[in-house]
Amino acid sequence: MNKEQHELYENARRRLRQKKVVYYHFILFLLGSLFLFLANIVLGYGQPNHWYIWVSTTWLFLFILHFVKVFITDRFMNKDWEREQIDRLIQLQKNKINDLSEKISRDSNS
């Protein structure tokens, strides 16, 4: 396996692990929220207020952030995106250097 294939494999493996962790997080959120609901309502822990709603809502917000990071942000801003941005910036720098070189050549010929 050459270096490029190995890099592709590692990126795919890392991406799969990220998705797997999000799925585990979702299952944990569901079970945890159910447990908090049962503890508050059925067992009467922390009565009379419904504190489990605030905890579950906060947890849901954190899960949504995690989901957005894995499925939206990392999907569009991955290694390929980084490489494209670096190549674009390098090309811009080369263009500036060429422009300056041409200007210097014109000025020295004048």
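**Close-up 1. Ser56 in helix H2 of the predicted model.** Ser56 is found in helix H2, and because its relative accessible area is 12%, under the 20% limit, this serine counts as buried. Leaving aside residues up to four places away in sequence, Ser56 touches Phe29, Ser33 and Leu36.

**Close-up 2. The packing of helix H1 with helix H2.** Helix H1, which covers residues 3–42, packs with helix H2, residues 51–76, at an angle of about 170°, and the axes of the two helices are 10 Å apart. Because this angle is over 145 degrees, H1 is roughly antiparallel to H2. Sorted by class, the residues in the contact of H1 with H2 are 19 nonpolar, 7 polar and 5 charged.

**Close-up 3. The aromatic pair of Tyr23 and Phe71.** The count of aromatic pairs comes to 7. In the pair of Tyr23 and Phe71, the ring centres are 6.2 Å apart and the planes stand at 40°, so the pair is tilted. Tyr23 lies in helix H1 and Phe71 in helix H2, 48 residues apart, and the pair therefore links distant parts of the chain. Phe71 counts as buried, at 18% relative accessibility, and one aromatic cluster is formed by Tyr23, Phe26, Phe29, Trp59, Phe63, Phe67 and Phe71.

**Close-up 4. Asn98 in helix H3.** Asn98 is found in helix H3, which spans residues 79–109, and with a relative accessible area of 42% this asparagine is partly exposed. The C-alpha atom of Asn98 is separated by 47 Å from that of Val22, and the two residues are 76 residues apart along the chain.

Notes:
Residues numbered from 1 in each chain as written. Predicted model: local features only at pLDDT ≥ 70, side-chain atom pairs only at ≥ 80, totals over all residues. Heavy atoms only, no water. Axes fitted to C-alpha atoms, helices over the stretch in contact; angles between N-to-C directions. Helix = DSSP H or I, 4+ residues; strand = E, 2+ residues; numbered from the N terminus. Parallel < 35°, antiparallel > 145°, perpendicular 65-115°, else oblique. Nonpolar A, V, L, I, M, F, W, Y, C, P; charged D, E, K, R; others polar. Buried < 20%, exposed > 50% of the residue type's maximum accessible area, 1.4 Å probe, protein only. Contact = heavy atoms within 4.5 Å. Phe/Tyr/Trp six-rings, centres within 6.5 Å; stacked < 30°, edge-to-face > 60°.
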